[in-house]
Amino acid sequence: MNSALLVNIFRFIMLLAIQIVIFNNMNFLGYISPFPYILYIILYPVNSNKSGLIISSFLLGLTMDMFCNSGGIHATSCVILAYYRPYIFKFSFGLSYEYQTIKLNESLTPERFSFILVSVLLHHIILFVLEAFQFKFIWDILLRTLFSSIFTIITSIIIIYLIKPNKR
Amino acid sequence: MQQIFNFIIRNSNRLLFLLLLGISLTLTIQSHSYHRSKIISSANFLSGGVYERINRIDEYLNLRAENEELVLENARLKSLLFNKEDTTKLPLPDTIKGVKPADIIVSKVIHNTYSTHENFLTLNSGSNEGVKPDMGVINSLGIVGVIDNTSPRYSTVVSILNMKSQINAKLKKSNHFGSLTWDGKSTGFVQLKDVPRLASVRKGDTIVTGGQSVIFPEGINIGTVETVYKEEQTSFYVIKVKLFNDMTNLGHVYIIKSKDREELINLEKKEKDE
């Protein structure tokens with residue numbers, strides 16, 4: 001129990017640090033940047049405390065907002081993703097997900113991939129809608145969501161594979 | 001009573017979610033109005049300190065470009081000093097566009113964003129050095145933005161690549177002015193709106209800051225005219241301006257302390273009160 005908490009705190013800090021130092025400075029074509037820091041929410045243990053996840057996601061998003069000067073957009077999208085995570089689990093793994101111990105950082109099955117895909121898409125669409133805040137940018141929002149999601153998913157999967165040996 | 005407690009305990013997650021969602025949405029909406037919340041900005045001890053450390057490493061990668069810019073500026077200042085066209089109108093050797101050095105704070109950009117619709121910079125000088133909100137920020141090539149928030153050691157700048165920013169600007173040759181905004185598309189171009197149709201504009205004309213603004217002194221370079229088109233409803237010109245500055249690559253900047261500013265604001269206030 002305690003070690004799981006420590007692993008979570010470690011992940012929280014490490015993912016934020018990587019995001020701020022490296023990925024925030026990546027701008028493919030000027031406006032596409034990946035946000036792999038949401039791996040914290042994706043990799044949070046399935047059966048752990050849910051209110052803990054919501055509060056820590058809020059703090060995660062708020063820290064990102066502080067560094068990005070973006071008001072509350074990261075906090076909003078992180079809180080929404082954290083709250084709807086069980087529903088995405090149900091969608092990807094079927095109803096019986098609560099009785100299994102799913103570990104996302106094992107080999108990549110279609111279910112795990114679909115879970116990451118849906119989570120990333122949900123987070124990014126809320127993020128970019130709130131960022132633009134105007135409907136005249138709808139195509140811009142969709143384009144950014146699409147390309148940023150692709151890059152986030154690629155970097156997320158690379159990070160999952162990189163940290164896998166440590167877990168064993 | 002019992003039922004209320006039961007309800008709260010049963011729905012604790014949902015209530016927590018709604019509370020946090022409410023807080024974060026409030027912060028988001030506040031950030032989209034011009035006077036932003038003072039809590040969540042990168043001009044604080046934690047993020048400012050982190051950005052300063054990252055920037056120390058990052059600086060080495062841009063040394064060459066930074067040096068070239070300094071050499072060019074040096075050359076320009078020297079040419080001002082030695083090639084005076086008119087000896088009766090002596091430009092003071094230590095002025096930049098009529099701004100005395102005492103009114104300038106030299107600062108460094110430690111964090112720069114240009115990929116969103118509302119972009120901000122973080123500088124490594126704050127209220128300790130005398131930086132206050134609504135001061136203008138320029139560099140040797142042209143304008144950069146306006147100070148937004150300050151903390152003792154850091155400050156944030158509303159970049160000209162921010163859809164909320166509006167700066168008074170004019171044509172250098174004819175004094176027709178408009179307001180400078182950004183449409184959120186390209187980092188190399190901004191839009192000069194509400195230019196009267198009487199103005200004769202040609203491609204390549206220089207756009208400079210106008211005298212109406214109390215933030216910038218008159219005549220600081222902004223960019224050149226790229227294309228001109230008419231706005232359908234208002235029949236004013238909209239000018240697409242190519243910036244002199246590369247907003248994606250900023251190093252040292254100057255913050256302008258305008259001494260007349262408070263006097264002007266007080267005067268206008270008095271006018272309104274009467």
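How many of the 21 residues of H4(A) are buried? The legends below, which describe a predicted model, take up this helix before turning to the strands of chain B.

**View 1. Helix H4 of chain A, residues 73–93.** Of the 21 residues in H4(A), 17 are buried, and the helix is mostly covered. From the first C-alpha to the last, H4(A) reaches 29 Å, close to the 30 Å expected at 1.5 Å a residue. A bend of about 50 degrees occurs at A:Arg85, with a proline, A:Pro86, following within four residues. After the helix comes A:Gly94, which has a positive phi near 90 degrees.

**View 2. A closed barrel of 6 strands in chain B.** The strands follow the order E1-E2-E5-E4-E3-E12, with antiparallel pairing. From one strand to the next, the twist averages 45 degrees. B:Val137 has B:Gly145 of E4(B) as its bridge partner.

**View 3. Strand E9 of chain B with its partners E6 and E10.** E9 (residues 206–209) pairs with E6 (residues 167–171) in the antiparallel sense over 3 bridges. E9(B) is also joined by 3 bridges to E10 (residues 221–230), again running antiparallel. B:Val208 stands opposite B:Lys170 and also opposite B:Asn221 in E10(B).

Technical notes. Residues numbered from 1 in each chain as written. Chains lettered and ligands numbered in written order. Predicted model: local features only at pLDDT ≥ 70, side-chain atom pairs only at ≥ 80, totals over all residues. Heavy atoms only, no water. Pairing = 2+ DSSP bridges. Helix = DSSP H or I, 4+ residues; strand = E, 2+ residues; numbered from the N terminus. Axes fitted to C-alpha atoms, helices over the stretch in contact; angles between N-to-C directions. Expected span 1.5 Å × (residues − 1). Bend = angle between axes of the 7 residues up to and from the residue. Buried < 20%, exposed > 50% of the residue type's maximum accessible area, 1.4 Å probe, protein only.
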